[in-house]
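I record each item as I looked it up.

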Amino acid sequence: MTDVHGTVEPGFESVREVFAGIAADEARDGGAQLAVHHHGRLVVDLWGGDGVDGDSLLGLYSSSKGAMALVAALLVQDGVLDLDRTVASWWPEFAAEGKAGVTLRQLLAHRSGVIGADGGLSLEELADDGRTAARLAAQRPFWEPDTGHGYHALVIGALVGEVILRATGRTTQEHYEERVRVPYGIDYHLGLPEELEPRFRPVLPLLPTPAEEAFLAANPVAPDSLMGISFNLHADPPFDNLDYGNSRAVRAKAPLSGGGVGTARGLSRMYAAIAGELDGRPPLLAPDTLAEFARIHSRGTDLVTGGENAFGLGFVPLATRYPSLTPAAVGHSGAPGSQAFADPATGLAYSYTRRRFGFMAGPGAPENDRLVPAVVEAAAKAA
């Protein structure tokens, strides 16, 4: 049985019990962390598993899309970015191949159709948003822009990041560092400094059960399908999620689609700065800005994954996945099964991280379906 470490505030003991049950069930999964803020207070700070403690830095993959969305929202709030202005008005090269009319709003809502590059992208390109953006400027969209939505898995960060760079002369990572990470002391990094490398714990591969292995063998993803292209499986060699998450180049440069590294405590704190007051400071996003970024802009069948989903602007509106949350809840998951969000209506900020890949856990590992309601219930009683 995996020991559970850390603390919970009075009233949140039930969350610890649920986490302990998950740790016992998932002992082979290599460790996990759970952190929850409620009205700016850290009320849950738990971890368990081999080689993982509360300070272990984990590769959290697409969680970085939430940090990207936060920076974009701040710049919209400042009046620096206009959601309904075309991408090409900042980045003229992007107008090629019928993309001249794509707006920033459509891009953030995964509606541009630019989900990858013909011939694929190398790991070196994917580690560097500037190189990826240069490839994508001349790329044809894979469907007519704004006629549908599909998950821009590995490239949306490079696309939005290039807009921010062209509009401000500074990278999204620089804006995040100056306006979010440093002032709030957040242990989630878009660009991991060399001196923090000893705290990094490598991502571990999926250990499928026989049934899961049989399912994967029976349902391969065609490299030339929209899913294959979005996840760069048509590249030579095909994209490898594990190599990406464990690459020092990715951690150092922090491509915005999936290169962020941090702790559950750190990512929960980032969302706490959205959910309400933190350290005596008002929420980072004004109510009208957050409402616009939380509003569902794309809903229905995803052209890439083939499943039903919804997107706001950069963020994922998580009440569609977790019914105990309010429609104001926004966040983003990460490929191993991590999940993080802010729910301003209840003052909750949540982050669950995993070190090992879960089975088809990209939208959030199944244990979040047990943890999130437990957190919401405890917070409601504590309010």
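I checked the length of helix α15: at 1.5 Å a residue, its 15 residues should span 21 Å, and its end C-alpha atoms are 21 Å apart, which agrees. The expected span is 1.5 Å times one less than the number of residues. Helices (H or I, at least four residues) and strands (E, at least two) are DSSP runs, numbered from the N terminus.

I noted that the model is predicted, that local features need pLDDT of at least 70 and side-chain atom pairs 80 or more, while totals for chains, interfaces and linings use all residues. Residues are numbered from 1 along each chain as its sequence is written, and side-chain values use heavy atoms, without hydrogens and water.

I then looked up where α15 (residues 368-382) lies: across β2, β11 (338-343) and β12, at about 155° to β12. Such angles run from 0 to 180 degrees between N-to-C directions, with axes fitted to C-alpha atoms, for helices over the stretch in contact (heavy atoms within 4.5 Å). Among the buried residues of α15 are L371, V372 and V375; buried means under 20% relative accessible area, with a 1.4 Å probe and protein chains only.

I traced the sheet next. Its 7 strands form an open sheet in the order β1-β3-β2-β12-β11-β10-β9, with antiparallel pairing; two strands pair if DSSP finds at least two bridges between them. β1 (4-8) and β9 (316-317) are at the edges with a single partner strand each, so one side of each has no neighbour in the sheet. β2 (residues 32-38) and β12 (residues 348-354) pair over 7 bridges, and V36 stands opposite Y350 in β12.

Last, I examined Q33 in strand β2. Q33 counts as buried because its relative accessibility is 1%.

Note on methods. Buried means under 20% relative accessible area, exposed over 50%, partly exposed in between (1.4 Å probe, protein chains only).
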